[in-house]
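Hi,

Have a look at it first, then read on.

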Amino acid sequence: MRLHETGELQKRIDDALRALRQCTLCPRECGVDRTQGETGFCGVGRRAHVASFGPHFGEEDILVGSGGSGAIFFSGCNLGCVFCQNEDISRVPDAGPEADPDGLAGAMLDLQRRGCANINLVTPSHVVPQILEALPVAVEHGLSLPIVYNCGGYDSVDTLAMLEGVVDIYMPDAKVWDSYIAAELLRASDYPERTRAAIREMYRQTGDLIIEQGLAAKGLLVRHLVLPEGRSGSEHWGKWLFELSPDTWVNVMGQYHPCAQAMLFDGMDRLLTRKELCEAFTAMQRSGLRRFDGKNRLFRLCSAPY
C-alpha cells in the first residue's frame, strides 16, 4: 500500500486516534474521550470488538467469488435501526473479544490465507482509527486483498477522507430518504442528508464500480433495503443516485423481515410483499439507473403478475 510506504498512512492513524479523544468520527459527534474508555452512542471505547470473522458467502456474487468475502463483523453501531437483523452484535458493543492492531491484522491475514476475495469490514463507521492502526501490520505481512467498507451510510465526510487510498470498494446502505422516518426507524433524523454527503465522498474517491474477472475490484456499490409501505423512498434515491452517476451499481434488496423492535411500529411488523419490492425496483429503473445487482432475477420476478 503506497500510503504506508510514504508515511501518509501513519499520519492518518495519528489524526484518527486524536479524533477519539473527543469523538467526532461519525455524525453523532458524541464528544466522549474514547481513549479513556468513555463511550457514546456506539458503545465502543478505545478498542474495537470483533464479534466474528470468516469467509461469507451471503454477499453479492461480485464480492464472493469462489472463496467467499472475508467478513469481519464489528460489534456496536452508530445507528439504532428498529429492524436491525444483527441486533445481537449491533446492540452489544462488547460482543466478541477486543482486537488490538496485531489481532485485527491477524484476522485480515487469516482471511487472505483462506482464499477470500476481499476484506469486508462490516459496520466499520465507529472503528475507523482501529482499522487504520491494523493496516501497517497487515500490509507488512503481505495483505494485498481489496478492502470493502460495508457500512450503514451514516458516515462523516471528514472520517471518510482518512480512508482515501485505503478503501477500494465502498458499500453503503441507502436506507430511507425522509428525515421523519429516519428519526423514527433509525434514531437519526439527519440520516438522509448525511448519507447523501457520505456517498458523494465515496464516489469521489473510487468512482463507479469496476468488475474484473467477475469480481468487484474498485468503486461504489449501494445497497437499498426496501421497507414496507414505501418507507425507503426508492424513487427519490433512484433519481439522486442517477444524478450522482447513471452507472451507479445498486442492489435493490427485498429481504426485509421484522426483527428487533420492528413489531412495535405500524406497518413494519410484517414481511415485504413482492409488489412492494417490484414497485421499488421499477422506480429505480425509471430514474435511468442501469446497473443492478441480480438484475435478471429482478426482471423475471417483477415481470410476472402479482
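Predicted model: local features only at pLDDT ≥ 70, side-chain atom pairs only at ≥ 80, totals over all residues.

Which residues of helix α10 (residues 234-244) are buried? They are S234, W237, G238, W240, L241 and L244, where buried means under 20% relative accessible area, exposed over 50% and partly exposed in between (1.4 Å probe, protein chains only). Helices (H or I, at least four residues) and strands (E, at least two) are DSSP runs, numbered from the N terminus.

Residues are numbered from 1 along each chain as its sequence is written, and side-chain values use heavy atoms, with hydrogens and water left out.

Back to α10. Its buried residues pack against α9 (191-206), β8 (215-225), β9 (249-253) and α11 (274-286). R196 sits in α9. Setting aside neighbours within four places in sequence, R196 is in contact (heavy atoms within 4.5 Å) with W177, W237 and W240. R196 is buried but has no salt bridge, and E193, the nearest side chain of opposite charge, is 6.0 Å away. For charges, Lys and Arg count as positive and Asp and Glu as negative; His and the chain ends are not counted. A salt bridge here is a side-chain nitrogen of Lys or Arg within 4 Å of a carboxyl oxygen of Asp or Glu.

How many salt bridges does a search of the whole structure find? The search gives 19.

- E60 and R223 meet through their side chains at 2.8 Å, N to O. E60 is in the loop between β1 and α3 (61-64) and R223 is in strand β8, so the pair ties together parts that are 163 residues apart in sequence. E60 counts as buried at 4% relative accessibility, and R223 is buried too, at 10%.
- K175 and D173 form a salt bridge at 3.0 Å, N to O, and both residues are buried.
- D15 and R18 pair up with their closest N and O atoms 2.2 Å apart. They are three residues apart in helix α2, which means about one helical turn separates them. D15 is partly exposed at 25%, as is R18 at 44%.

On the strands: β1 (residues 48-56) runs antiparallel to β2 (residues 69-74), with six bridges joining them. P55 has G70 as its bridge partner in β2. β1 is also antiparallel to β3 (residues 98-99), through two bridges, and A48 stands opposite A99 there. Two strands pair if DSSP finds at least two bridges between them.

Then the inside. A nonpolar core is a set of buried Ala, Val, Leu, Ile, Met, Phe, Trp, Tyr and Cys residues joined through side-chain atoms within 4.5 Å. The largest one has 81 residues, and I72, F83, M108 and L132 touch the most other members. A second, separate core of nine residues includes L63, V148, I169 and L209.

Most residues other than glycine have a negative phi. E29, in the loop between α2 (8-19) and β1, has a positive phi near 45° and is partly exposed at 47%. R187, in the loop between α8 (179-186) and α9, has a positive phi of about 60° and counts as exposed at 51%.

Cheers
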